[in-house]
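Q: I've got a model open and want to go through a few spots in it. Can we start with a loop?

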Amino acid sequence: MIVIKPYFIIESDINGEEILKHIEKVGRVCYKSEDKITGDSHADFVRKIIKNGHEAVIEHYSITVKVVCDRGVSHEIVRHRLASYAQESTRYCNYSKDKFSNQITYIEPCFWDTTTPEGKEKYEIWKSVMEFTEQKYMELLRAGATPQEARSILPNSLKTELVMTMNLREWRHFFKLRTSSAAHPQIREIAIPLLNKFKELIPVIFDDIVY
């Protein structure tokens, strides 16, 4: 059994200034104000349309991200309907094979402080269940079960890889929901650092989203 922390990889090549220029070029069609485009007008234009709630304009640019998380978190992510997804399939992936190191990989829970006796106890209970599940999954395969049959015992903590493509407006919606203090701790564990990275790479678009 392997235990890892969740992480993300931004698959798109991102040039924040060029994104803003593209959005300005598209958005000014609405106002027929293309003549006002200058070398540095894009940031103020995009800032103004977001402030005015004219976010349909930012739908004209999309970003693709690979997220490695547990299956429970992935079920929350795919509820965002204005997106495209590709996900590791437990029907076809046989975790007893060499490509998976002949082991099941799980995502480490983030909500137990293992430096405390109480947190360590909870983690050890979780770990023992994951080890038992791995053992029984492998036994099912050896007994002749197919991966799509054996997957019925796999838990939410199973690691999965999910590639997601959203336009910028949907990314804003995603971050507003999934970085909120009301969101599940494990989806915040992904969403907060991803939002911070987007803020670093893309000016203006996400600056007003706080958590």
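This is a predicted model: local features need pLDDT of at least 70, side-chain atom pairs count only at pLDDT 80 or more; totals for chains, interfaces and linings use all residues.

Q: Is Lys 32 buried or exposed?
A: Lys 32 is exposed, because its relative accessible area is 57% and the cut-off for exposed is over 50%.

Q: What about the phi of Lys 32?
A: The phi is positive, about 50°, although Lys 32 is not a glycine.

Q: Which side chain does Glu 34 make a polar contact with?
A: That of Lys 32, at 2.7 Å. Glu 34 also lies in the loop between H1 and H2.

Q: And how accessible is Glu 34?
A: Glu 34 has 29% relative accessibility, so it counts as partly exposed.

Q: Now the helices on either side. How do the axes of H1 and H2 cross?
A: At roughly 60°, and the axes come within 9 Å. H1 is residues 16-31 and H2 is residues 42-51. The crossing of H1 past H2 is left-handed.

Q: Which residues in H1 and H2 meet?
A: H1 brings Glu 17, Leu 20, Lys 21, Ile 23, Glu 24, Gly 27, Arg 28 and Tyr 31. H2 meets them with His 42, Ala 43, Phe 45, Val 46 and Ile 49. By class, this contact of H1 with H2 has 7 nonpolar, 2 polar and 4 charged residues.

Q: Which residues in H2 are buried?
A: His 42, Phe 45, Val 46, Ile 49 and Ile 50. Seen down the axis of H2, these buried residues fall within an arc of 130°, so they line one face of the helix.

Q: Why would that spacing give one face?
A: An α-helix has 3.6 residues a turn, so residues three or four places apart point the same way.

Q: What covers the buried residues of H2?
A: The cover includes H1 and helix H6, residues 168-178. On the face of H2 turned away from its buried side are the exposed residues Asp 44, Lys 48 and Lys 51.

Q: What follows H2?
A: Gly 53 follows, with a positive phi near 75°.

Q: Val 204 has a positive phi too; what is the value?
A: About 75°, and Val 204 is not a glycine. Val 204 is found in the segment after helix H7, residues 185-201. With a relative accessible area of 7%, Val 204 is buried.

Q: Changing topic: where is Asn 94?
A: Asn 94 is in the loop between strand E4 (83-87) and strand E5 (105-107). Its relative accessibility is 16%, so Asn 94 counts as buried, the cut-off being under 20%.

Q: What does Asn 94 contact?
A: Leaving aside neighbours within four places in sequence, Asn 94 is in contact with Phe 100, Tyr 137, Leu 141 and Pro 147. The side chains of Asn 94 and Ser 96 are joined by a polar contact of 2.6 Å.

Q: Last one, Thr 160. Which strand is it in?
A: Strand E6, residues 159-167. Thr 160 is buried, with a relative accessible area of 1%.

Q: Which side chain makes a polar contact with that of Thr 160?
A: The side chain of Gln 87, at 3.2 Å. Beyond four places in sequence, the residues in contact with Thr 160 include Val 67, Val 68, Cys 69, Asp 70 and Arg 71.

How values were computed
Residues are numbered from 1 along each chain as its sequence is written. Side-chain values use heavy atoms; hydrogens and water are left out. Axes are lines fitted to C-alpha atoms, for helices over the stretch in contact, and angles run from 0 to 180 degrees between N-to-C directions. Helices (H or I, at least four residues) and strands (E, at least two) are DSSP runs, numbered from the N terminus. A crossing is left-handed if the near helix is turned anticlockwise from the far one by less than a right angle, and right-handed if clockwise. Contact means heavy atoms within 4.5 Å. Ala, Val, Leu, Ile, Met, Phe, Trp, Tyr, Cys and Pro count as nonpolar, Asp, Glu, Lys and Arg as charged, and the others, Gly among them, as polar. Buried means under 20% relative accessible area, exposed over 50%, partly exposed in between (1.4 Å probe, protein chains only). The arc is that of the directions from the helix axis to the C-beta atoms. A polar contact is a pair of N or O atoms within 3.5 Å; within protein, one must be able to donate a hydrogen and the other to accept it, and residues adjacent in sequence count only if both atoms are side-chain atoms.
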